[in-house]
Amino acid sequence: MTAKLRIEDLTHTFKGTQDIDVLDGLSITIRDGEFVTLLGPSGSGKSTIFNLIGGLIEPDQGDIFIDGKRVNGTRGNISYLPQQDSLLPWRTIEDNLVLVQEINGSVDRKRARKWLKRAGLGGYEDSYPNTLSGGMRQRVAFIRSLLSPQQLMLLDEPFGALDELTRLDMQDWLLKMWETDRRSVLFITHSIEEAIYMSDRILILSDKPAKIIKEIQVPFERPRHHDITLEDTFTK
Ligand code: ADP
Ligand code: MG
């Protein structure tokens, strides 16, 4: 199988009054269509790995390949949902949702509205991000990454701020999208339960510099679905 994403010997230090060695020779390969989760202590370097893959920062050493093409320091062909709030405050919710589509040149506002409703946020199309709760904004950012066409998704704790039932619903939604579109996902969570439920493979990282200390192939059969949908509740 082809590697969707390959990072090789990635090394990175944040320079400052005290240098922080976040990565010291990390290598990870994600196969096409694979769902891989990173688990590790806070501050171990997980988000930094994503920022490197997403081209927001350049590694001191090492290489990043997406579909076999070296992308160090450039915005590769990925859908990236960062850990921190990433909605643009001056755009409405709907305009935030179609932002990536605008860049890709095919805007589908109907689908954006439909999915907003699907996520329990019908009626918020024309609202601005600062009028929504953290969990609501997190759902908007999640839908935005589902709406973008890229086959490789990086999701940094996308469900961290959600209540448990909404989280189950979003988990199933993501799994269904992943199955139908054959996307490749690199996922970060602090929940071992979520990691086991979602992933094909779990990589457990040490504290910084982040090293893979354990790799777990999840033995359960797919499809895995909770079959709990909150759509009816949301759309009342
Ligand atoms: P995690 O996502 O695993 O919680 P991060 O990748 O956010 O960890 O951070 C890893 C380490 O790098 C932390 O010690 C953090 O303080 C530091 N760090 C992250 N981003 C920066 C930055 N832009 N400048 C300086 N230090 C940073
Ligand atoms: Mg993080």
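Two residues are in contact if their C-beta atoms, placed from the backbone, lie within 7 Å, and the views below are all taken from a predicted model.

View 1. I53, a residue of the nonpolar core, touches L5, I7, I64 and L154 when residues up to four places away in sequence are left out of the count.

**View 2. The open sheet of four strands.** The strands follow the order β2-β1-β4-β5 with antiparallel pairing, and the edge strands, each of which pairs on one side only, are β2 and β5 (69-70). Strand β1 (residues 3-14) is joined to β2 by nine bridges, the two running antiparallel, and A3 stands opposite R31 in β2.

View 3. The shell around ligand 1 is made up of F14, I20, V22, G40, S42, G43, S44, G45, K46, S47, T48 and K208. By residue type, the shell divides into three nonpolar, seven polar and two charged residues.

**View 4. The largest nonpolar core.** In soluble globular proteins, nonpolar side chains tend to be buried together. Here the largest nonpolar core has 56 residues, and those with the most contacts inside it are I53, L97, L116, V140, I143, L154 and F187. Helix α5 (residues 134-147) gives the most to this core, contributing seven residues.

Definitions and conventions:
Residues are numbered from 1 along each chain as its sequence is written. Chains are lettered from A and ligands numbered from 1 in the order in which they are written. This is a predicted model: local features need pLDDT of at least 70, side-chain atom pairs count only at pLDDT 80 or more; totals for chains, interfaces and linings use all residues. A residue is near a molecule or strand if its C-beta atom, placed from the backbone, lies within 6 Å of it. Ala, Val, Leu, Ile, Met, Phe, Trp, Tyr, Cys and Pro count as nonpolar, Asp, Glu, Lys and Arg as charged, and the others, Gly among them, as polar. Two strands pair if DSSP finds at least two bridges between them. A nonpolar core is a set of buried Ala, Val, Leu, Ile, Met, Phe, Trp, Tyr and Cys residues joined through C-beta atoms within 7 Å. A residue is buried if 20 or more other C-beta atoms lie within 10 Å of its own, exposed if 12 or fewer, and partly exposed in between; C-beta atoms are placed from the backbone.
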